[in-house]
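Subject: A structure for you to look at

Hi there,

Here is the structure I promised to pass on. Could you open it and have a look before you read my notes?

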Amino acid sequence: MLYISILEDNPTQLDQIQQAVKHICTSNNIDYSVHGFRRTDDLLTAVPEPSASNVFILDLEINGHRNAGLHVSQKLRSHDPAAAIIFITVHEEFMYLTYKYRIGALDFIAKDYGHIEQELQKDLLHVNQANLKIADAERPFTYTDYNHTISIAFNKVNLIESNPHNSHSAILSTVDHKQRQLNYNLRQLEKMDSRLLRVHRSFLINPHQVNRVDLRHKIVHFYNGDTCPVSRLHLSHLLNIVS
C-alpha cells in the first residue's frame with residue numbers, strides 16, 4: 001500500500017490534488033491511503049513509520065513562507081530515507097535547492113503547467129512498481145519436504161543445481177554456503193517460483209545475488225564468491241536482467 005501525504009495550504013488546491021491521487025490510484029488498481037495537511041506541524045505530527053511505501057507531495061510555499069516545504073522535506077528525508085518526495089509549486093526557481101539540500105526529490109511539478117495529474121500518475125506508478133518488486137523479492141521461497149512446508153527467505157537463495165547423483169532432485173545453495181537437497185528437478189522448481197532464473201541446463205539462480213558475469217568464460221559470479229556456468233542460450237536474457 002502507498003501511504004500518501006499531501007501538504008498544501010490552499011484548501012481548493014489540496015482537494016484537487018487529493019482527488020487526482022484518488023483517481024490515479026483507483027484507475028491503476030493501486031492500494032493506497034491519502035491524507036491532506038494544510039500546516040507543516042500537522043504533517044510532521046502525523047508522519048508514518050519510515051517505508052519505501054511513503055509518498056510525500058509537498059507545496060514549497062506554505063502560509064506565506066516560500067521555502068517552508070523545503071524545510072519540511074529535510075526533516076522528512078532525515079526521518080525516512082526511502083520515502084518518495086514530490087514537490088508541486090509555482091516557484092520553479094527553488095528546484096536547485098532540492099539538490100543543494102540533498103533532498104533527493106522524485107519529481108518537481110509546476111502548478112501552472114496544467115498537467116499535474118499526468119505527472120503525478122507517472123510518479124505514483126513508478127513508486128508502486130518499485131514497491132511491488134521489493135515485496136516480490138521479500139516473498140520467501142517455499143517448498144514441501146515429506147509433507148512439511150519449508151520457507152527460506154528468497155534473498156538467502158543463491159543458486160540451485162541439478163543433483164548429479166539423482167535426476168529427480170536438486171541441491172539448493174544459500175548465500176552463507178549451506179546446502180540442502182530438494183526433492184524436485186529444475187523444471188519443477190522453475191514452475192514453482194518464477195523468480196528463479198535458468199542460466200544453464202543444470203543451474204537455476206537468484207539473479208539478485210549476481211555480482212558480475214564473465215562474458216569471456218561464461219561464468220556467473222555471486223556476491224558470496226560462488227560461481228556457476230551460464231550457457232550461450234541463456235546469456236542474453238541473464239544480462240538483460242542483471243545489467
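Below is what I found in it, starting with the whole chain and ending with single residues.

A word on the ground rules. This is a predicted model, so local features need pLDDT of at least 70 and side-chain atom pairs count only at pLDDT 80 or more, while totals for chains, interfaces and linings use all residues. Residues are numbered from 1 along each chain as its sequence is written, and side-chain values use heavy atoms, with hydrogens and water left out.

**The whole chain**

Along the principal axes, its C-alpha atoms fill a box of roughly 75 × 45 × 30 Å. The radius of gyration of the protein chain is 24 Å, whereas a compact globule of 243 residues would have one near 18 Å. That radius is taken over C-alpha atoms, and the globule rule is 2.2 Å times the number of residues to the power 0.38.

Of the 243 residues, 44% are buried. Buried means under 20% relative accessible area, exposed over 50%, and partly exposed in between (1.4 Å probe, protein chains only). The accessible surface comes to about 13,600 Å², and carbon and sulfur atoms hold 48% of that; the areas come from the Shrake-Rupley method with a 1.4 Å probe, and for residues only the protein chains shown count as cover. Among contacts (heavy atoms within 4.5 Å) with a separation of 6 or more, 53% join residues 24 or more positions apart.

**The cores and α5**

The largest nonpolar core has 19 residues, and Ile4, Ile6, Val21, Val55, Ile57, Leu120 and Leu124 touch the most other members. Such a core is a set of buried Ala, Val, Leu, Ile, Met, Phe, Trp, Tyr and Cys residues joined through side-chain atoms within 4.5 Å. Two or more residues come from each of β1 (2–7), α1 (11–27), β3 (54–58), β4 (84–89) and α5 (116–138). The most, 5 residues, come from α1.

From its first C-alpha to its last, α5 reaches 33 Å over 23 residues, close to the 33 Å expected at 1.5 Å a residue; the expected span is 1.5 Å times one less than the number of residues. Its buried residues are Glu119, Leu120, Asp123, Leu124, Val127, Asn128 and Asn131. An α-helix has 3.6 residues a turn, so residues three or four places apart point the same way. The cover over the buried residues of α5 includes β1, α1, β3, β4 and β5 (107–110).

**Two positive phi values**

Most residues other than glycine have a negative phi. Asn29 has a positive one, near 55°. This residue is in the loop between α1 and β2 (32–37) and is exposed, with a relative accessible area of 74%. Tyr146 also has a positive phi, near 50°; its place is in the loop between β6 (141–145) and β7 (148–152), and at 66% relative accessible area Tyr146 is exposed.

Ser173 lies in strand β9 (residues 170–174). Is Ser173 buried or exposed? It counts as buried because its relative accessibility is 6%. Its side chain makes a polar contact with the side chain of Gln179 at 3.1 Å. A polar contact is a pair of N or O atoms within 3.5 Å; within protein, one must be able to donate a hydrogen and the other to accept it, and residues adjacent in sequence count only if both atoms are side-chain atoms.

Ser162, in strand β8 (residues 157–162), is partly exposed at 26% relative accessibility. Not counting residues up to four places away in sequence, Ser162 touches Ser169, Ala170, Leu186 and Ser202.

Leu239 sits in helix α7 (residues 232–242) and is partly exposed at 27%. With residues up to four places away set aside, Leu239 touches Val213 and Leu215. Its C-alpha atom is 42 Å from that of His71, 168 residues apart along the chain.

Best wishes

How values were computed
Helix = DSSP H or I, 4+ residues; strand = E, 2+ residues; numbered from the N terminus.
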